[in-house]
Amino acid sequence: MKLHSSILSLAISAGVSQAWALTISIDGNLNDWGIDPATWLPSDPRIHARNEDQTGGGGTYLNPGWGGQAYDAEAMYALIQGGRLYVALATGHNPRTLHNPSTNSYGAGDFFLDFGRDGSYELAININHRLPSGFESTFIEGGVYQVSSHALGLWEENDTQYPVSPAKRPTYLTAGDYVGMAELVYTTTAVTGWGSHTTDRHYFYELGVGLDLLTSAGWDGSPFNIHWTMNCANDTIWLASPPRHAVPAPATLGLLALGLLKLAGLRRRASD
Ligand SMILES: [Ca+2]
Ligand SMILES: [Ca+2]
Ligand SMILES: [Ca+2]
Ligand SMILES: [Ca+2]
């Protein structure tokens with residue numbers, strides 16, 4: 001019987017990966033996520049999504065700060081599949097924006113995970129923000145870090161949807177322990193045609209990280225939040241972690257499984 005069970009589970013898992021997995025390639029292009037550019041919505045219900053597309057010039061209020069399209073955190077998507085967490089982000093903020101607060105310019109922030117959804121951020125995926133001379137170099141770009149400390153945004157935020165709402169949000173990592181690499185690609189050439197503000201300029205981040213690295217950074221399997229903002233936190237965006245999907249077997253596989261079960265049953269009766 002053990003042999004038959006393992007044949008059955010092999011057949012099902014092979015079918016799952018072929019017929020049901022979404023093939024995400026980390027290339028900064030979100031076509032593989034099945035998102036409708038007009039509405040920002042993904043067609044696959046397994047993808048967790050949030051869109052908060054705003055527009056306007058530099059004086060436009062975004063909540064909690066200002067900055068209009070150039071500081072707009074627009075949409076975030078997440079999927080857990082095949083032992084990996086995939087995240088995609090759309091923003092009006094150019095990843096090459098200079099981080100130079102003395103001239104009121106703020107660079108790209110890091111991705112942060114809040115394990116337990118309790119307002120403390122335990123894991124960061126680093127983006128190297130651009131400085132007046134070169135880029136920040138303390139951390140590896142795309143590196144996954146267990147967070148010791150991070151910078152905070154300028155603005156206080158009262159987000160009642162966040163289970164425990166920290167008034168100020170994490171912007172960039174300042175100290176942490178490296179646990180491994182994420183796959184990370186982001187675009188630095190603007191794209192138009194997304195959302196209802198069709199001439200606005202957008203940039204995309206796409207990343208994949210092994211769940212084993214989450215564990216290395218202290219994850220106990222509890223729900224988490226995924227958070228991103230630029231280094232002033234004029235606009236923030238976050239998502240609750242998607243569930244790890246238990247995928248149903250497709251109809252044809254179901255028949256195959258039934259056949260194997262019958263076979264197993266016959267063998268068992270024969271050996272009883
Ligand atoms: Ca892609
Ligand atoms: Ca926008
Ligand atoms: Ca936490
Ligand atoms: Ca950084």
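Predicted model: local features only at pLDDT ≥ 70, side-chain atom pairs only at ≥ 80, totals over all residues.
Local features need pLDDT of at least 70 and side-chain atom pairs count only at pLDDT 80 or more, while totals for chains, interfaces and linings use all residues. Residues are numbered from 1 along each chain as its sequence is written, chains are lettered from A and ligands numbered from 1 in the order in which they are written, and side-chain values use heavy atoms, with hydrogens and water left out.

The calcium ion (ligand 1) is held at 2.3 to 2.6 Å by S25 (O), D27 (OD), N29 (O), D32 (OD), D32 (OD), E206 (OE) and E206 (OE). Donors here are N, O and S atoms within 2.8 Å of the metal (3.2 Å for Na, K and Ca); water is not among the atoms, so sites may look incomplete. The spacing of these donor residues in sequence is S-x1-D-x1-N-x2-D-x173-E. D27 has a relative accessible area of 40% and is partly exposed (buried means under 20%, exposed over 50%, partly exposed in between, with a 1.4 Å probe and protein chains only).

Strands are DSSP runs (E, at least two residues), numbered from the N terminus. In a regular strand the side chains alternate between the two faces of the sheet. Strand β3 (residues 84-91) runs antiparallel to β9 and is joined to it by eight bridges, with A90 opposite F204. Strand β8 (residues 183-186) pairs with β9 in the antiparallel sense over four bridges, and L184 stands opposite L207. Two strands count as paired if DSSP finds at least two bridges between them.

Another part of the model is an open sheet of six strands, in the order β7-β6-β5-β4-β10-β11, with antiparallel pairing. Its edge strands, β7 and β11 (236-240), each pair on one side only. Strand β6 (residues 143-152) pairs with β7 over eight bridges, and Q146 has D177 as its bridge partner in β7. M181 belongs to β7 (residues 170-181) and is partly exposed, with a relative accessible area of 41%.

The calcium ion (ligand 3) is coordinated at 2.2 to 2.7 Å by D114 (OD), F115 (O), D118 (OD), S120 (O), S120 (OG), E122 (OE) and E122 (OE). Its donor residues follow the spacing D-F-x2-D-x1-S-x1-E.
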